[in-house]
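Hello,

Here is the structure I promised to hand over. My notes follow below it.

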Amino acid sequence: MMSVTIEVPNRPRTRKQANWEKYGWLFMRVSGPLLIVLIFTHLVVNLVLGDGIKAIDFAFVAGKWADPFWQVWDLAMLWLALIHGTNGMRTIVNDYAGQVKVRRALTTTLWAVCALLILLGTLVIFTFDPCPAGASAELLASFCPAQ
């Protein structure tokens, strides 16, 4: 009878690293259905339940964003959509960019643009002034004081 000895590789044990591909895959599976609910509810509330597209103006947005619920709703939609889309584009870049430097440059650019858009969108949502000084009264929401 012959016995076979399998030697243990002589390499140092490394710390277990995070599996970013798995986390990206899981994020896409969770954020997709959430985005469907967020976006279709957004469309129904803004276009179907109200007076349609003709009712959406500055006063409509000002009235909506005066409520913290809609600020958080739109913020969640913004963040999830941008990260979901950027992660999808990252997957496409990984599939088609052959050179490591090109792939790294494209994914870095994608995430930088995503971060910039998230920052700007978040600032707009939370610094939006529903009653700007000097605006004509017919454009302002009904809760704005007369100027």
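This is a predicted model: local features need pLDDT of at least 70, side-chain atom pairs count only at pLDDT 80 or more; totals for chains, interfaces and linings use all residues.

Numbering starts from 1 along each chain as its sequence is written, and side-chain values use heavy atoms, without hydrogens and water.

Aromatics. The whole structure holds five aromatic pairs (ring centres within 6.5 Å, using the six-membered ring of Trp; planes under 30 degrees apart are stacked, over 60 edge-to-face, the rest tilted). Trp65 and Phe128 pair edge-to-face, at 5.2 Å centre to centre and 85 degrees between the planes. Trp65 is in helix 2 (residues 58-65) and Phe128 in the segment after helix 4 (100-127), so the pair ties together parts 63 residues apart in sequence. Helices here are DSSP runs (H or I) of at least four residues, numbered from the N terminus. Trp65 is buried at 17% relative accessibility; Phe128 is partly exposed at 23%. (Buried is under 20%, exposed over 50%, partly exposed in between, with a 1.4 Å probe and protein chains only.) Phe69, Trp70 and Trp73 form one aromatic cluster.

Helix 3. Asp67 caps its N-terminal end, with a side-chain oxygen 3.0 Å from the backbone nitrogen of Phe69.

Surface. A nonpolar patch of about 930 Å² includes Ile36, Phe40, Leu43 and Ile56 (patch residues have over 30% relative accessible area and no salt bridge; nonpolar side chains are joined within 5 Å, like charges within 9 Å). A salt bridge puts a Lys or Arg side-chain nitrogen within 4 Å of an Asp or Glu carboxyl oxygen. Phe40 sits in helix 1 (residues 20-48) and is exposed at 53%.

Best wishes

How values were computed:
Helices (H or I, at least four residues) and strands (E, at least two) are DSSP runs, numbered from the N terminus. A polar contact is a pair of N or O atoms within 3.5 Å; within protein, one must be able to donate a hydrogen and the other to accept it, and residues adjacent in sequence count only if both atoms are side-chain atoms. Accessible areas come from the Shrake-Rupley method with a 1.4 Å probe; for residues, only the protein chains shown count as cover.
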